[in-house]
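Me: I want to learn how to read a fold from a model. Please take me through it feature by feature.

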Amino acid sequence: MTQHSSSTLTRATPTQFLVGVGPSRADRLARIGLRTAGDLLFCFPRDYEFPAPPERIDRIREGEPVSLVGTITDAELISRSPGKSVFGAIVENETGAVRLLFFNQPFRAEQLTIDRRVMISGEAKLNGLRFEFVHPKVTYLDDDQTMTTPQILPVYPLTEGVKQLEMRRIVGGIVDELASQLNEVLPESLRDRATDALRNSGINLRQPLPDITTAMRQIHSPDDRDQLRGARTRLAFQELLVMQLALAIRRRRLTTDLRSSAMPVDPMLDARITNRFPFKLTDDQVAAIRQISIDMSRQFPMNRLLQGDVGSGKTVVAIYAMMLAVGHGNQAVLMAPTEVLARQHYQTLRQILDASRVRIGLLCGSLSAGEKRQTLADTASGNLDLLVGTQALLHGLEFKRLGLCVIDEQHKFGVGQRVRLRGGGVDPHYLVMSATPIPRSVAMTIFGDTDLTTIKEKPPGRGAVKTYLGRDEWRKRWWDFVRTQLKEGRQAFVVAPRVTASKEPSSAEDASSEDISSVESIYQQLRADQFSEFTVGLLHGRLSPDEKQSLMQQFAEGEIDVLVTTTVIEVGIDVPNATVMTIMGAERFGLAQLHQLRGRVSRGSHTGHVCVFTDGNQSPEEYERLTVFESTDDGFELAEADFKMRGPGDVFSAKQSGMPPMRIANVIEDLDVLQVARMIAQELVDEDPELDNPDLEGLKKQLMSRYGRQLELGDVA
């Protein structure tokens, strides 16, 4: 096997040809996605060891953190009884000797062998005339590795059969050879501009952002904490800037290259629409309508995300926008993630527009073939003004004059699905709604090309919701409370956990991976025992659309007292008289989903009550999550808490966003850097819309390589 010399090594060199790797270790590295020298170069440390300053052994003080470098001169493993052992070793250098002790760690005998050079970190205790370190941190050193000054050591992700010392040696060799070959995509003037903005945002940078070669060397082997902070900030800024540039370019395209029908609002049209609502709009709704009206008055497409907490009245705002489109002779479409919710929107529109000339259609999976054909024909001919439906809207649908697309619960649809609704040679205005509040960092990344409107104020007259984290001994008392509520005329939900297989369901109604045995057993038990005197219904995703619609209709009309259900009721079900909810197996739900479910009992004027029970003992992380849910009903606070607890990985998965994962930036920890990157990206695109400046050529190539396909920027380059 030929191992590459420094003169022939490139980022594309397979790992098996690297010095010190070979085929066997290359196979192990491939398990964690490291197949080339470039993969290793960009395998950034997941953490660092910050040893205490090395000290002379004759100057150690008891109880103070210290590091020392020495050689093992004696080692002994003593087994006292099965499972009980003591391993002791002596570490010496020119200033003295110390003893190391490890209890019940016999494997240390294979690691800490005589003549092995190590660095020991910990707190020493004096035992007789010699200091002892009990279970110190041990770093294994090469024979020629000196530690005259404190060295920050990288901690890399590992795989079975590859040790940290080996990983440091392999990556270190790659960095030495390849760091200087990287192309600089951030010219010095841009780095200085970013440095000033980052410092103004409160980030402590001692030196200007370093060039790429320095940053790569310092991220893998930092000289000190300041150099490490500078290197990491530079690399995170570059990654976030590339993303924000791509989003800014796409946003500019949507507002300059595309053309839409301008739909200005005047006082008469506003009054005609507003008078249709049998209630007074909240201040937040009025403000949202104002922003949307301004967008729709322009001749380029609105691209706005309307987010609001559960029950904040987003649908009313969407109906206003749809009526504005119809008022200008255009068609509008509202797409919902489930048929149950689509039918509910359809009924709401029919009630609000009763006795008007607006023609409303419904398109969903349960319609007969003839009904679907007629709806499609009426839409294409312009005989329908408003169309409500599910994902069935995406197949074979043509509009005569589509002016507005509204998508409810946007997180239920992939990027490709949302874009497809824009096809057919038309550029409608585009409004997406989410009842799952989105953290600021997510809004600036996944939705960075979208204007954001937030509704926090809830309509007056909505009852408060009290949340309880139930304990096993509470169950009998809780069911007694639910029965009391039912006897007072209220209704109740009981939610069983949805158990998913290896793949996530594509929508709330995808029941292919739904385990209904849990909900059925709970239904049978409650119907026979706790609620034997009441009418109990069973709802889950494997029922036919007609069966689901019939059950929800019976529940809405009060014919069913208790609805035992899966998360099919998570989105949008509106039954004001349902004021009690019991959630079983709550540890299986995310915070956002729990909050969505809780929103089903805050639709009316009565106080709502939600109690969550877990199946068995939950982990500390699960308990913390449920405690947060119990303590606040603010969806925005929960969204931030959920995002911090789960981390960005789940949020930025390809399934949800279609965006590549971050290599080093963390949108939770790097929110300040993200805000600076967004600001500078917008400034650069305003100054140079196509990034034609030769100094930005490398940056432009990088954004095209990383985001061109996902954000449809193929004609930028």
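Me: In β13, which residue is the bridge partner of L334?

Reply: V388 in β13 is the bridge partner of L334. Note first that this is a predicted model: local features need pLDDT of at least 70, side-chain atom pairs count only at pLDDT 80 or more, and totals for chains, interfaces and linings use all residues. Residues are numbered from 1 along each chain as its sequence is written, and side-chain values use heavy atoms, without hydrogens and water.

Me: How many bridges join β11 to β13?

Reply: Two strands pair if DSSP finds at least two bridges between them. Here 4 bridges join β11 (residues 331–335) to β13 (residues 386–389), and the two strands run parallel. Strands are DSSP runs of E with at least two residues, helices are runs of H or I with at least four, and both are numbered from the N terminus. The protein has 24 helices and 22 strands.

Me: What is the order of the parallel open sheet?

Reply: This sheet has 7 strands, in the order β12-β13-β11-β14-β15-β10-β16. β12 (360–363) and β16 (451–455) each have a single partner strand, so one side of each is left without a neighbour in the sheet. Neighbouring strands are turned by 20 degrees against each other on average, direction ignored. Such angles run from 0 to 180 degrees between N-to-C directions, with axes as lines fitted to C-alpha atoms, for helices over the stretch in contact.

Me: Which strands does helix α10 lie across?

Reply: Contact means heavy atoms within 4.5 Å. Helix α10 (residues 314–327) lies across β10, β11, β13, β14, β15 and β16. It runs at about 165 degrees to β15.

Me: Which strands form the mixed open sheet?

Reply: Its 7 strands come in the order β6-β7-β4-β3-β2-β5-β8, with mixed pairing. The edge strands, β6 (125–127) and β8 (137–140), each pair on one side only. Neighbouring strands here are turned by 40 degrees on average, again ignoring direction. Within the sheet, 9 bridges join β2 (residues 65–81) to β3 in antiparallel fashion. In that pairing E76 stands opposite G88 of β3.

Me: Is S85 buried or exposed?

Reply: Buried means under 20% relative accessible area, exposed over 50%, and partly exposed in between, with a 1.4 Å probe and protein chains only. S85, in strand β3 (residues 84–93), counts as buried because its relative accessibility is 7%. Beyond neighbours within four places in sequence, its contacts include I78, R80, F103 and N104. Over the whole protein, buried residues make up 53% of the 717 residues.

Me: What joins the side chains of E92 and T73?

Reply: A polar contact of 2.9 Å joins them. The term means a pair of N or O atoms within 3.5 Å; within protein, one must be able to donate a hydrogen and the other to accept it, and residues adjacent in sequence count only if both atoms are side-chain atoms. E92 also lies in β3. E92 counts as partly exposed because its relative accessible area is 34%. Its C-alpha atom is 8.6 Å from that of I57, 35 residues apart along the chain.

Me: Which residue has a positive phi of about 55 degrees?

Reply: Most residues other than glycine have a negative phi. N104 has a positive phi of about 55 degrees and is not a glycine. N104 sits in the loop between β4 (96–103) and α3 (108–111), and is partly exposed at 39%. D115 is another non-glycine with positive phi, near 80 degrees. D115 is in the loop between α3 and β5 (117–123), and is exposed at 58%.

Me: What covers the two faces of a strand such as β19, and which residues are buried there?

Reply: In a regular strand the side chains alternate between the two faces of the sheet. In β19 (residues 536–539) both faces are covered: V536 and L538 are buried on one side, G537 and L539 on the other. 4 bridges join β19 to β20 (residues 562–565), running parallel. The chain crosses from β19 through helix α17 (residues 545–556) to β20 in a right-handed β-α-β crossover. Right-handed means that, with the strands pointing away from the viewer, the path from the first strand over the helix to the second runs clockwise.
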